[in-house]
Amino acid sequence: MLMDYLLPYGLEWMNLLVRWLHIITGIAWIGASFYFVWLDNSLRPPAPGGELARKGVAGELWAVHGGGFYNPQKYMVAPAELPAELHWFKWEAYSTWLSGFALLTIVYYFNAQAMMVDRSVADLSSWQAIGIGLGSLVVAWVFYDLLCRSKLGKHDLAFGAVIFAFLVGATWVLTHFLSGRAAYIHVGAMIGTIMVANVAMVIIPGQRKMVNAMRAGQKPDPVYGIRGKQRSVHNNYFTLPVLFIMISNHFAMTYHHAHAWAVLGMIMLAGVFIRHFFNLRHKGRIEWKYPAIGVLLLAAVAIAIAPRPAAVSAPASAQPGAASAGAGAQFAQVQGIIAQRCVSCHAAHPTQPGFAAAPAGVALDNAQGISQNAARIYQQAVQLKAMPLANMTNMTDAERAQVAAWFEGGAKTN
């Protein structure tokens with residue numbers, strides 16, 4: 001009995017600590033990515049025939065920050081001599097992916113029946129759901145890498161269109177096997193896997209070959225720099241979509257929509273347009289049409305998925321003009337429904353395996369908690385039908401209708 005309590009509590013702490021680590025390392029990695037893309041786009045070529053040009057410097061930049069002046073310089077291919085100390089930007093990426101995969105395991109794979117399986121979508125075992133999730137990561141990297149190495153990889157716009165279509169298609173497939181929440185997070189994991197594999201399997205190995213060539217007294221092959229730059233730029237455009245997916249589990253209105261795959265596709269596309277604006281801006285080009293397109297896409301999504309009147313059939317007791325036993329009796333019915341369908345998770349001491357505390361701190365095991373969270377209950381259980389999670393407790397449409405009638409009648413408790 002004690003272990004039944006301590007195990008979910010321990011997982012909750014692991015969730016907290018690993019999520020914190022994931023955010024920290026993610027900031028470090030994405031911050032470095034943003035900085036180097038900005039730096040590349042902001043470098044200015046040295047004066048022809050000058051000392052820097054003779055040294056092989058392709059561009060330089062003067063900047064002031066933190067009370068000091070900085071003068072970063074970029075060498076095309078490599079400097080004449082290898083410096084004694086050379087910093088490698090890799091652990092930011094590796095730590096982000098490792099902590100992210102650990103978080104995926106703790107939150108989703110350790111509790112797959114609750115977090116990944118939605119029996120209204122597909123009746124899967126935990127291992128089947130986990131297998132689909134892990135398989136999606138492998139498929140994503142293999143498809144992306146082969147595409148990069150193909151002739152299409154040399155045409156940026158066409159390549160980007162194909163990768164976007166692939167990710168939207170993958171989202172569509174995953175939403176037909178996994179819960180919407182798990183589908184979204186695995187699309188994010190697919191993108192994150194592509195990004196870290198770019199670093200581990202293309203960028204860093206290429207840089208090592210360049211360094212080894214210099215140490216051997218040979219001229220480095222510029223192809224490794226070209227490939228690394230290509231993958232680095234791809235990672236830059238992936239950042240805003242993957243950041244949205246990292247926070248998407250807080251917004252059931254997106255992943256629980258009937259066309260969740262299209263919702264995510266449009267949000268990802270908006271992120272790409274907004275990122276492109278900043279990349280061009282660093283080069284000195286101000287193209288307001290790109291953020292405008294991004295904002296319009298987000299506005300269109302917001303309008304398209306706006307809540308509609310609850311599409312549930314009200315029971316006879318909830319029909320207008322029907323005899324009512326009073327607000328107190330109506331609330332008692334609603335409280336009974338919530339106790340049966342929601343309180344196993346949303347309680348001071350949840351009884352649902354895998355939960356040590358009420359999700360989001362929403363406890364519904366007393367009248368005060370229900371009253372305070374009435375609007376939230378209505379949105380999640382009636383409008384979105386996102387709760388109970390994967391409808392584990394089999395809440396019926398008639399019960400949702402009773403909750404709707406209570407809320408729309410003023411959410412009275414007596």
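## Burial and overall dimensions

In this predicted model, 43% of the 414 residues of the chain count as buried. Taken along the principal axes, the C-alpha atoms fill a box of roughly 95 × 50 × 45 Å.

## Secondary structure, contacts and charge

The chain contains 15 helices and four strands. When contacts between residues at least 6 apart in sequence are considered, 64% join residues at least 24 apart.

## Helix α14

Helix α14 spans residues 374-383, and its buried residues are Ala374, Ile377, Tyr378, Gln380, Ala381 and Val382. These buried residues pack against four helices: α9 (252-255), α12 (327-341), α13 (367-372) and α15 (397-408). Just after α14, lysine 385 adopts a positive phi of about 55°.

## Alanine 367

Alanine 367 belongs to helix α13, one of the elements against which the buried residues of α14 pack. Its relative accessibility is 32%, so alanine 367 counts as partly exposed, a class that lies between the 20% limit for buried and the 50% limit for exposed residues.

With residues up to four places away in sequence left out, alanine 367 touches Phe331 and Gln335. Alanine 367 and leucine 147 are separated by 220 residues in sequence and by 57 Å in space, C-alpha to C-alpha.

Methods
Residues numbered from 1 in each chain as written. Predicted model: local features only at pLDDT ≥ 70, side-chain atom pairs only at ≥ 80, totals over all residues. Heavy atoms only, no water. Buried < 20%, exposed > 50% of the residue type's maximum accessible area, 1.4 Å probe, protein only. Helix = DSSP H or I, 4+ residues; strand = E, 2+ residues; numbered from the N terminus. Contact = heavy atoms within 4.5 Å.
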